[in-house]
Amino acid sequence: MRTSFDSFTLRDAWRIGVTLVQRCIDEKLPVTIGIWLGEQRIFHCANEGTSADNDAWIERKANSVRRFECSSIEAHKKFGDLGLDFYTWFGVSPADYALAGGAVPIFVRGSLVGVIAVSGLESSEDHELACWALAQ
């Protein structure tokens, strides 16, 4: 997903985050949500059925988005065939990066300014949920 906005503010992040949380509550989706502007996490919610592992997953997925400037599922499609060699090739740790769906970039006028990340469902479902949130 490569949508670019004219601006993206803390208020926008809050509105998107709250809308996403409400959907997850309504649908009983066990997900953790994170939204960042730059390196600052400006929204976080852990719903019922999640754990600290989901916090780690959203961090790792968000790092992949920042590094490759594409969604984490796109990074998986581009580099997933490298397998464990991905980490060696790019000199990164599996403790810090994840090639799994669920994190999407936030672009303002073509520049990466933030990330929305979701963890708790299957990779493709996490991706769909993050894309839906950004479209709101």
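Author: Pro105 is found in strand E4, where strands (E, at least two residues) and helices (H or I, at least four residues) are DSSP runs numbered from the N terminus. This is a predicted model, in which local features need pLDDT of at least 70 and side-chain atom pairs count only at pLDDT 80 or more, while totals for chains, interfaces and linings use all residues. Residues are numbered from 1 along each chain as its sequence is written, and side-chain values use heavy atoms, with hydrogens and water left out.

Pro105 is buried, with a relative accessible area of 1%; buried stands for under 20% relative accessible area, exposed for over 50%, and partly exposed for what lies in between, with a 1.4 Å probe and protein chains only. The C-alpha atoms of Pro105 and Leu20 are separated by 16 Å, and the two residues are 85 apart along the chain.

Strand E4 belongs to an open sheet of 5 strands with mixed pairing, in the order E1-E4-E5-E2-E3. Strand E1 (4-5) and strand E3 (40-46) stand at the edges with a single partner strand each, so one side of each is left without a neighbour in the sheet. Two strands count as paired if DSSP finds at least two bridges between them. E4 (residues 103-108) pairs with E1 in the parallel sense over 2 bridges, and Phe107 in E4 is the bridge partner of Ser4. With E5, the pairing of E4 is antiparallel and extends over 6 bridges, and Val104 stands opposite Ile116 in E5. The hairpin of E4 and E5 has 2 residues between the strands, and Arg109 takes a positive phi near 50° there. Further along, E2 and E5 run antiparallel and are joined by 6 bridges, with Val115 in E5 as the bridge partner of Trp36.

Helix H1 (residues 10-26) lies across strand E2 (32-37), E3 and strand E5 (111-119), and runs at about 15° to E3. Helix H2 (residues 52-68) also packs on the sheet, touching E2, E3, E4 and E5, and its direction makes about 150° with that of E5. Contact here means heavy atoms within 4.5 Å, and the angles, from 0 to 180 degrees, are taken between N-to-C directions of lines fitted to C-alpha atoms, for helices over the stretch in contact.

E4 is also among the elements that cover the buried residues of H3, together with H2, helix H4 (85-90) and helix H5 (123-135).
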